[in-house]
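My entries follow in the order of looking things up.

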Amino acid sequence: MKFAICNETFGDRSFADTFSTIRKLGYSGVEIAPFTFAPHEEPFDVRKVPAERLVEVRTMAEDAGLDVVGLHWLLAKTEGCYLTSPDPTVRRHTAEYLRSLAEVCADLGGRVLVLGSPKQRNLLPGVSYDDAEAYAVEVLHQAIPACAQLGVTIGLEPLRPMDGDFLPNAKAAARLMGLVGTPHCKLHLDVKAMSSEADSIPDIVRANRKWLVHFHANDPNLLGPGMGSVDFKPIFGALREIDYSGWVSVEVFKYEPSPDEIARQSIEYMRRIEAAV
């Protein structure tokens with residue numbers, strides 16, 4: 001398996017320090033949150049990141065021995081972006097921004113855009129789920145041609161109902177993917193999110209074998225794999241069963257005892273589980 005970790009785990013530390021630490025701990029990939037290019041800037045706009053800065057960051061990752069997996073938290077801290085807005089101007093702006101993110105992702109060497117960002121997709125007052133779904137399809141249809149040209153795939157991320165009311169489960173994300181109808185829009189799965197579903201996590205993995213493009217390893221307690229109640233052995237067994245060849249990327253939301261310790265415990269646990277299966 002290919003193990004990566006999300007760079008915002010390490011807070012305000014420089015890209016160089018973060019990449020070096022990640023590699024020393026044994027990871028071979030890094031997943032980047034765009035706002036970490038300017039962590040204290042809000043609203044954030046990825047289009048303001050100079051091209052030479054993208055080259056510099058990609059070179060730093062390569063020099064550290066890491067692949068840039070892709071981007072996530074795509075719309076976090078932005079202004080005027082909303083996937084399910086009834087306003088056509090907002091939808092056009094969101095599609096334009098997703099196209100820019102695809103360009104940045106490709107420039108960094110990444111291939112996946114993880115579309116979570118619940119605060120920029122939750123149902124707005126007066127908007128039904130069906131209407132929100134249609135708005136999202138429109139936005140994605142406008143963004144997909146750029147993704148296809150650049151070799152980038154959007155991974156739709158279902159989240160727990162407590163975290164968001166649009167794409168609250170894998171079936172809803174798979175339905176949206178089907179409506180978009182392109183190989184450049186697939187499914188991303190997250191252990192924390194799947195833990196809220198009625199079906200078991202291994203069963204969800206198997207059910208989505210044809211379109212799984214990316215995978216987040218974490219626990220409902222917001223820490224890393226092996227740091228909570230979820231047993232990853234059947235999960236990794238299911239990933240092996242479906243011949244999943246993408247990245248398994250650690251994403252956490254609590255940073256204690258420390259980012260380094262979380263990253264270390266996570267990869268040591270995943271390696272033990274990988275060996276066991």
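Which residue in strand 3 does G29 stand opposite? I found D67 there. This is a predicted model, where local features need pLDDT of at least 70, side-chain atom pairs count only at pLDDT 80 or more, and totals for chains, interfaces and linings use all residues. Residues are numbered from 1 along each chain as its sequence is written, and side-chain values use heavy atoms, with hydrogens and water left out.

Entry on strand 2. I took helices (H or I, at least four residues) and strands (E, at least two) as DSSP runs, numbered from the N terminus. Strand 2 (residues 29–32) is joined by four bridges to strand 3 (residues 67–71), and the two run parallel. Strand 1 also pairs with strand 2 in the parallel sense, over three bridges; pairing requires that DSSP finds at least two bridges between two strands. A4 has G29 as its bridge partner in strand 2.

Entry on burial. I counted a residue as buried under 20% relative accessible area, exposed over 50% and partly exposed in between (1.4 Å probe, protein chains only). In strand 2, G29 and E31 on one side and V30 and I32 on the other are all buried.

Entry on H214. I located H214 in strand 7. H214 is buried, with a relative accessible area of 1%. Its side chain makes a polar contact with the side chain of E31 (2.9 Å). A polar contact is a pair of N or O atoms within 3.5 Å; within protein, one must be able to donate a hydrogen and the other to accept it, and residues adjacent in sequence count only if both atoms are side-chain atoms.
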